[in-house]
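Biologist: I have a new model open and would like to learn how to read it. Could you walk me through it, beginning with its surface?

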Amino acid sequence: GAGKTTTILMALGLTEPTGGTVSVLGHDPVRDPLAVKRRVGYLPDAVGFYGRLTGRENLRYTADLNGLDPAVAETLISELLEQVGLTRAADRPTGGYSRGMLQRLGIADALVKDPALLILDEPTTSIDPAGVVELLALIRALVAERGVGVLLSSHLLSQVQRLCDRVGIFRQGHLLAEGTPHDLAR
């Protein structure tokens, strides 16, 4: 109810703000949503894949939708599956994946188009504690290795403090405070 997901949907051009403006990487998602979508990877809170397709096939589908050359896509998909720790499960149907595996595949899926920004909406929901630790470490590694910016939506302050450089606190659709975790804690 704070407005986190609604703000994300506005940033992606999937809903329009009732007031004010939105700018993402220098683009207006209301006027030019495709420019935003080309540069932003998105992992929704309820990630969905075609359960009869394998993890690799789902990523191929995303690559095809984004116009990637098939040969380039195959190399990238293999690299991403390795990075998210799904190489061994890559050729199994995703209908048998755990929630944590689906989240990791969702991150790979969001990275297929090599975005400048990765938006993660409550990525650790319904994941066991060990899986949360793994997923947060993966996100930190992706930032370091790929240089991708991450916008994380979460109500779990301990995770936010461990992962984020800057934090915005929302309440009823309004940004109440913004700063480093240390500054906001003070």
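Modeller: Gladly! Accessible areas come from the Shrake-Rupley method with a 1.4 Å probe, and for residues only the protein chains shown count as cover. Here the protein chain exposes about 10,400 Å², with 53% of that supplied by carbon and sulfur atoms. Two notes before we go on. This is a predicted model, in which local features need pLDDT of at least 70 and side-chain atom pairs count only at pLDDT 80 or more, while totals for chains, interfaces and linings use all residues. Residues are numbered from 1 along each chain as its sequence is written, and side-chain values use heavy atoms, leaving out hydrogens and water.

Biologist: How many helices and strands does the protein chain have?

Modeller: Helices (H or I, at least four residues) and strands (E, at least two) are DSSP runs, numbered from the N terminus. The protein chain has 8 helices and 5 strands, in the order α-α-β-α-α-α-β-α-β-α-β-β-α from the N terminus on. Its radius of gyration is 17 Å, close to the 16 Å that the globule rule gives for 186 residues, so the chain is as compact as a globular protein of that length. That radius is taken over C-alpha atoms, and the rule is 2.2 Å times the number of residues to the power 0.38.

Biologist: Which residues of helix H3 are buried?

Modeller: Buried means under 20% relative accessible area, exposed over 50%, and partly exposed in between (1.4 Å probe, protein chains only). In H3, residues 55-65, the buried ones are Gly55, Arg56, Asn58, Leu59, Thr62 and Ala63. Seen down the helix axis, they fall within an arc of 160°, so they line one face of H3; the arc is that of the directions from the axis to the C-beta atoms. The face turned away from this buried side carries the exposed Asp64 and Leu65.

Biologist: What covers the buried residues of H3?

Modeller: Contact means heavy atoms within 4.5 Å. The cover includes helix H4 (70-83) and helix H5 (99-111). After H3 comes Gly67, with a positive phi near 75°.

Biologist: And where is Asp28 found?

Modeller: Asp28 sits in the loop between helix H1 (4-11) and helix H2 (33-39). This residue is partly exposed, at a relative accessible area of 27%. Leaving aside neighbours within four places in sequence, Asp28 is in contact with Val22, Pro33 and Val36. Met10 is 18 residues from Asp28 along the chain, and their C-alpha atoms are separated by 9.8 Å.
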